[in-house]
Amino acid sequence: VRAALNRVGGAGVGLYESSSCAGGSAPACANSNGYIKYRADVANWSSGRLHWAMAHELAHIYQFRVWGRLNSSSSYASLFRGDPEFLANCMALVRGYAGSVGCNSEQRAWASGIWVGAVR
């Protein structure tokens, strides 16, 4: 799991095995304090799914860095319905890790800005 997180750009991010994400119902989660937790079974996922999951959780870390501006953005509200999960999916996609949710070109362009702290 560490190698997957490193590969998607999270080399400096804390990573902990834990079954406490969303009361145990989520396989992984990001914390606003800058670390990611994951259930042990995540280590058995295919490399594609694992890389997507780590890119998705890393996206949340970057969202937390701009949280106030993000939630005040009318573009975020209109493009993503204020949904941080949808935004994280689009952020993972622009990093090259596609999940099951598609993002249009405007959403992809906007999501790419969050990786560098830009909120429009």
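1. Strands S2 and S3 (residues 35–38) are paired in the antiparallel sense, over three bridges. Within this pairing, Ala-28 is placed opposite Tyr-38 of S3. The model is predicted, and the points below should be read with that in mind.

2. The sheet as a whole is open and has three strands, in the order S1-S3-S2, with mixed pairing. Strand S1 (14–17) and strand S2 (28–30) are at the edges; each has a single partner strand, so one side of each lacks a neighbour in the sheet. From one strand to the next, the twist averages 20 degrees.

3. Helix H2 (residues 47–65) lies across S1, S2 and S3. The helix runs at about 20 degrees to S2.

4. Ala-22 deserves a look at the backbone: its phi is positive, about 50 degrees, although the residue is not a glycine. Ala-22 is found in the loop between S1 and S2. Is Ala-22 buried or exposed? With a relative accessible area of 57%, against a cut-off of over 50% for exposed, Ala-22 counts as exposed.

5. Arg-81 also calls for a check of phi, which is positive at about 55 degrees in a residue that is not a glycine. Where does Arg-81 lie? Its place is the loop between helix H4 (74–80) and helix H5 (84–94). Relative accessibility is 62% for Arg-81, so this residue is classed as exposed.

Conventions:
Residues are numbered from 1 along each chain as its sequence is written. This is a predicted model: local features need pLDDT of at least 70, side-chain atom pairs count only at pLDDT 80 or more; totals for chains, interfaces and linings use all residues. Side-chain values use heavy atoms; hydrogens and water are left out. Two strands pair if DSSP finds at least two bridges between them. Helices (H or I, at least four residues) and strands (E, at least two) are DSSP runs, numbered from the N terminus. Axes are lines fitted to C-alpha atoms, for helices over the stretch in contact, and angles run from 0 to 180 degrees between N-to-C directions. Contact means heavy atoms within 4.5 Å. Buried means under 20% relative accessible area, exposed over 50%, partly exposed in between (1.4 Å probe, protein chains only).
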